[in-house]
Protein chains: 2
Amino acid sequence: VAEHCIGIDLGGTAVKIGLVDSKGKIRDSIQIPTGSGRTAEAIGESIVLGVERLAKKNPKYPARAAGIGVPGFTEPSTGTITFIPNIPVLEGYPVTRRIEKALGLPVFADNDANNAARGEFLFGSAKGIRNFVFITLGTGIGGGLFLNGDLYDGYKNYAGEVGHMTVVPEGRVCGCGNYGCWEAYSSVTAMVKRAKAIIEKGNQTRLKKYYPDRLEAKVIADEARKGDFIAEHVFSEAAKYNGVGIANLINTLNPEAVIIGGGVSNAGSYLLDRIRHFTQIYTVRKSWEAVDIRLATLGNSAGIAGSAALAFMKTR
Amino acid sequence: VAEHCIGIDLGGTAVKIGLVDSKGKIRDSIQIPTGSGRTAEAIGESIVLGVERLAKKNPKYPARAAGIGVPGFTEPSTGTITFIPNIPVLEGYPVTRRIEKALGLPVFADNDANNAARGEFLFGSAKGIRNFVFITLGTGIGGGLFLNGDLYDGYKNYAGEVGHMTVVPEGRVCGCGNYGCWEAYSSVTAMVKRAKAIIEKGNQTRLKKYYPDRLEAKVIADEARKGDFIAEHVFSEAAKYNGVGIANLINTLNPEAVIIGGGVSNAGSYLLDRIRHFTQIYTVRKSWEAVDIRLATLGNSAGIAGSAALAFMKTR
């Protein structure tokens, strides 16, 4: 059996394709533009060409399978993408079967946060942990639940939609139509929006110099660390609602670990400390004592390595 | 293999013991007082005597195993009760092994809400459903998660502590030390407390005639149904936070069904209608469309039948 798998990270602007070994190391990778306005068929075709190019460049490392990570939902048995808001032309398109047929390899597709959870289990900070929750803090908030040693996908593969957990009934408006969702408080989008609103009210803050276009999670975290009051407030407010959301998951699932990934996790221990404090406040004691909250380790390679992890786990 | 199991419902005031057939029918049952001030050893001894008495009365239906339902936590491998606030003398006592030894039957113990979930799976409204959430709305709020065809107990057997999910950060004080827990809004205790506070402020309501000692979930539901404004308000407020809590579980776990049990579920369709409306408000559309919310069917027999279901499932 070949010890490599292909990981395909299907993003709104680019498709990243990597050749990944059984330890999670990305041996080689390429990136192709997703291309707005292209047909589903054309996108599928460029993915096939990309994988073939990667295979040709690396003849010593044949892949045994490929995994696709989708920012949305898939139908596991057919591999059809059912929901993908960034590339809606792919909805209803059997991308998985299309690629499988062209490549002659088994191909699998799943939600990107689910795949990132698989990646952390095989290669990252959840190695050997049978019950954990993976949370990705980025533009939105996603989750992957790993229960009894495997990814838990629910009745129709929609499990882990934790970003739309209500943390403040009738709170901030969310893109989903509800009010008070976790991601309306703790996503990068929410933090930036909150910082902008505060700046626009005239508060004194060093964040002003990044307003409006360079205001992002990294500068908020950096200025917070340097003691800017408003940056600290925005960051801690987001961390507080991370605490509520994560505590609710811990109380419900009693996991051994919670793994924090996504762009915000680049803030490292500054984020982790705050999340730990807030989560403890809202968690029942026994489950708190049983859990460890830690950062994901795959970082920027989570997309490719996670998609490859799906392929590894489905063909072992 | 004998087609009967013993179900033991360990309550704060009484221990109920029943002989249950493989369809969930309770053939015979007895009840013994738990007895305050008794030693763990004495309580264990009366349970053994109770089971023996039941066996002697029903020689045609030998039991193949016994299950115990505990209002608290157990350590699954040893059967030791680790937390039982109503009968603290039992904490640390290996009640399961003690009874097993005396009876010569395999004996299992688990949290009562987990067992009620098993009961609904084998005998009740969750028959054949592989992914569902069981919620018990009573003095407190408990839960049992049934995932991938089996009870999910988490890393240390604390999963399903849904009553302490935070539904209103910094909201009403909860006995657990946190603020804003679901059970501080939607348990019977919370509803009665809320009704009393409103009566004490002088609001006009037919609930006054039950104040203070006969104010309970049933009369609040009855008067609400008859159109009393305050009773309707108290009942709907509790139902709203049931909606938030249940929606958070649906968004996270994408179950096929949510089963509502416990004393409050006696309010029947009046409760169910309200829970369905509120839950839909807070649930993501796809997971909402996949789920059915329904009432538990075991009712008052949930304690005995659920405990027996544990025994059936562990010995099949």
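At what angle do helix H6 (residues 217–225) and helix H7 (residues 229–253) of chain B pack, and how far apart are their axes? The views below take up this pair and two other places. This is a predicted model, in which local features need pLDDT of at least 70 and side-chain atom pairs count only at pLDDT 80 or more, while totals for chains, interfaces and linings use all residues. Residues are numbered from 1 along each chain as its sequence is written, chains are lettered from A in the order in which they are written, and side-chain values use heavy atoms, with hydrogens and water left out.

**View 1. Helices H6 and H7 of chain B.** The two helices (DSSP runs of H or I, at least four residues) pack at about 120°, with axes, as lines fitted to C-alpha atoms over the stretch in contact, 7 Å apart. Contact, meaning heavy atoms within 4.5 Å, is made by B:Ile220, B:Ala221, B:Glu223 and B:Ala224 of H6(B) with B:Ala231, B:Glu232, B:Val234 and B:Phe235 of H7(B).

**View 2. Surroundings of A:Ile135.** Leaving aside neighbours within four places in sequence, A:Ile135 is in contact with residues including A:Val162, A:Trp182, A:Leu249 and A:Ile260.

View 3. Beyond its neighbours within four places in sequence, B:Lys314 is in contact with B:Phe108 and B:Arg118.

Key. Axes are lines fitted to C-alpha atoms, for helices over the stretch in contact, and angles run from 0 to 180 degrees between N-to-C directions.
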